[in-house]
Amino acid sequence: MNRIEFRPIGVIAGKEFRDRLRNRWVLAVACVFTVFALVIAYFGSAQQGAVGWRNIDVTIASLVSLVIYLLPLIALILGYDAIVAERERGSLDLLLSMPITRFELLLGKFLGLASALGVATVGGFGVAGALLFYQLGSAALYHYGGFIASAFLLGLAFLSLAVMVSVLAQDRVRASGVAIALWFFYVLVYDLLLLGVLVASAGRFSLDFFPVLLLLNPADIFRILNIFGYEDVRRLYGLATVFPETLANPWLLGSVMVFWIITPLGMAARRFK
Amino acid sequence: MANSLIELRGVYKHFGPLTAVTGVDLQVEEGELFGLIGHNGAGKTTLFKMMLGLLPVSAGEIRIGGHAVRGEAFRQVRRSIGYLPESLALYDNLTGLETLHFFARLKGTDPTACTGLLDLMGLAGAAGQRVRNYSKGMRQRLGFAQALLGSPRLLFLDEPTNGLDPHGILEFYQILRDLRRGGVTVVLTSHILAEIQQRVDRLALMRNGGIQALGTVQSLREAQDLPLTLRVSFRTGAEADLRRCLAGQGVTVIAIDGDIARLECERGRKMVLLAALTGLGAMISDIEVHEPTLEDVFLGYAEHVS
């Protein structure tokens with residue numbers, strides 16, 4: 001068993017991060033998040049016939065809808081070719097001929113991409129957060145901080161899945177296909193599938209079992225993390241309302257999210273080895 | 001062997017049902033310039049990758065500097081190895097200097113040496129240019145500079161002169177000569193056999209995953225017992241005398257073109273033939289004796305198999 005060295009991990013992570021800064025990926029994503037966050041915060045209540053800065057609960061609920069679609073997609077696009085592109089280009093052999101283990105290379109790649117995603121997420125939503133703080137006061141900031149942290153965790157979970165895909169796929173085209181399929185499954189299909197099973201089973205499908213199935217989707221965990229505390233908002237959502245309060249502990253949900261980050265990455269490391 | 005830097009014992013590599021390397025035993029001595037030649041798919045690159053620890057062996061053992069090619073100890077060995085892959089892929093978005101800095105940091109060596117290496121490769125003027133703007137030859141030189149980071153004791157160079165112009169090739173071998181004076185061991189592959197025949201100390205000829213022949217270029221020539229080629233220039237009108245002289249000497253006349261005859265004779269009959277030609281006196285104006293080229297040796301072994 002090789003001892004883990006942090007220097008080569010840092011070198012790889014640094015390169016990945018700098019690459020994303022240099023090609024303005026971080027800036028572009030941060031701007032997208034800022035603009036969307038501000039637009040949603042201001043126009044989020046238009047359906048109710050009003051525009052303007054509303055309370056933080058409604059703003060966060062609107063942002064959750066945005067983030068659930070956008071962030072997994074961005075994270076999957078960011079990481080789907082992390083390893084497969086190096087392999088396809090032929091640079092993987094050169095990298096692995098250096099004094100670096102495969103695990104260190106994989107971890108370096110993940111951390112570098114995670115940093116880029118983190119800066120874009122925190123930076124993008126943070127700018128909007130500063131404005132919200134000015135408009136809605138400091139109480140809003142606490143909830144908004146939690147929202148940003150959970151959004152980052154959601155991004156990391158999908159980035160971890162993307163890195164796993166990049167290790168398993170034989171080429172970039174297949175990797176991109178699998179990444180898009182994962183996005184479809186977790187973001188669009190999974191909840192519909194659960195709902196369909198629930199309805200079709202006409203109650204035979206136990207409601208005790210149902211919340212556990214929600215934990216098998218990081219997008220649902222993110223949704224529950226952000227909307228469970230707000231009674232007004234909870235009513236707006238279908239699936240999350242069947243989630244028992246005992247399981248809605250933010251620390252428990254956060255831990256499950258961390259599990260979602262570690263597990264695909266661990267599987268990728270095992271396979272890559 | 002006491003001074004073997006690289007030792008391979010009974011090395012096999014299987015890819016599913018395909019056997020890419022079959023039972024290779026090989027030692028490369030410290031300070032040696034060792035060539036690995038063979039047809040496409042002979043197993044050279046696979047063997048290279050196994051020696052670098054990029055591919056695990058299916059059976060057998062590889063040791064470099066006395067250390068098995070795996071585990072923590074090999075990480076240290078890797079710091080003293082330079083590698084130039086056959087299909088060199090660098091990062092287009094980085095400049096030449098940034099590329100070297102990146103690999104220097106990864107290797108844990110002093111990045112201040114990068115500027116000097118770029119200078120050595122004639123890339124000092126392009127240090128700040130993005131690699132995407134480099135020509136193929138420039139990329140190859142940058143790749144070679146990368147391989148030299150950290151003053152390696154051992155260099156693995158897979159088709160190192162790919163994309164280099166004749167001047168670049170000469171410069172490359174000049175640098176290699178200087179490195180060898182410093183005790184660096186070099187293992188290289190090349191399809192341009194004329195390029196390496198004067199430069200390698202020993203070489204292994206690979207065929208179908210195994211080593212078909214191993215030794216110095218001269219020993220491989222002798223083992224093949226290929227005929228020598230002579231180019232004889234004679235005075236106008238002396239062709240009939242020349243032909244008379246050659247009769248019964250065991251010489252094959254390949255062609256006579258004007259005043260020049262091209263002949264082939266067995267190595268063992270060289271001195272007898274030269275004496276006979278010298279006996280023609282002023283009718284012969286020049287004699288050139290050509291040893292079989294490495295290419296002839298290579299093709300000779302290929303014919304031997306078929």
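The model is predicted, with an ipTM of 0.86 and a pTM of 0.86. Of the elements named, α2(B) gives the most to this lining, with five residues. The volume of the largest pocket is about 1100 Å³. Its lining comprises 35 residues, and those nearest the centre are Asn2(A), Arg102(A) and Lys273(A) from chain A together with Arg70(B) and Gly71(B) from chain B. By class, 18 of the lining residues are nonpolar, six are polar and eleven are charged.

Over the whole structure, two cavities of 30 Å³ or more were found, and the largest cavity has a volume of about 90 Å³. In chain B, α5 (136-147) and α6 each supply at least two residues of the lining of the largest cavity. The largest share, four residues, comes from α6(B). The residues that line the largest cavity are Leu120(B), Met121(B), Gln140(B), Arg141(B), Phe144(B), Pro160(B), Leu164(B), Gly168(B), Glu171(B), Phe172(B) and Ile175(B). Seven of these residues are nonpolar, two are polar and two are charged.

Thr161(B) is located in the loop that runs between β7 (154-158) and α6 (166-181) of chain B. With a relative accessible area of 4%, below the 20% cut-off, Thr161(B) is buried. Its side chain makes a polar contact, at 2.7 Å, with the side chain of Glu195(B). When neighbours within four places in sequence are left aside, the residues in contact with Thr161(B) are Gln140(B), Ile169(B), Phe172(B), Tyr173(B), Ile192(B) and Glu195(B). Two of these contact partners, Gln140(B) and Phe172(B), also belong to the lining of the largest cavity.

Confidence in chain B was considered by residue and by element. The mean pLDDT of chain B is 89, and 98% of the residues score at least 70. Among the elements of chain B, the highest mean pLDDT, 96, belongs to helix α3 (residues 96-107), and the lowest, 78, to helix α11 (residues 294-305).

Chain A contains twelve helices and zero strands, so that, by the assignment of helices and strands, its pattern along the sequence is α-α-α-α-α-α-α-α-α-α-α-α. Chain A has 273 residues, of which 53% count as buried. Among contacts in chain A between residues at least 6 apart in sequence, 79% join residues at least 24 apart.

One residue of chain A was examined individually. Trp25(A) lies in helix α2 (residues 25-43) of chain A. Trp25(A) counts as buried because its relative accessibility, 18%, is under the 20% limit. Residues up to four places away in sequence not being counted, Trp25(A) touches Arg20(A), Ile74(A), Leu78(A), Ala116(A), Leu117(A) and Ala120(A). Between the C-alpha atoms of Trp25(A) and Ser62(A), which are 37 residues apart along the chain, the separation is 25 Å.

How values were computed. Residues numbered from 1 in each chain as written. Chains lettered and ligands numbered in written order. Predicted model: local features only at pLDDT ≥ 70, side-chain atom pairs only at ≥ 80, totals over all residues. Heavy atoms only, no water. Buried < 20%, exposed > 50% of the residue type's maximum accessible area, 1.4 Å probe, protein only. Polar contact = N/O pair within 3.5 Å; in protein donor to acceptor, adjacent residues only side chain to side chain. Contact = heavy atoms within 4.5 Å. 1 Å grid on protein atoms, 1.4 Å probe; cavity = no way out; pocket = protein on both sides within 12 Å on 5 of 7 lines; lining within 4 Å. Points joined across faces, edges and corners; volume = space filled by probe spheres on them. Nonpolar A, V, L, I, M, F, W, Y, C, P; charged D, E, K, R; others polar. pLDDT = per-residue confidence, 0-100.
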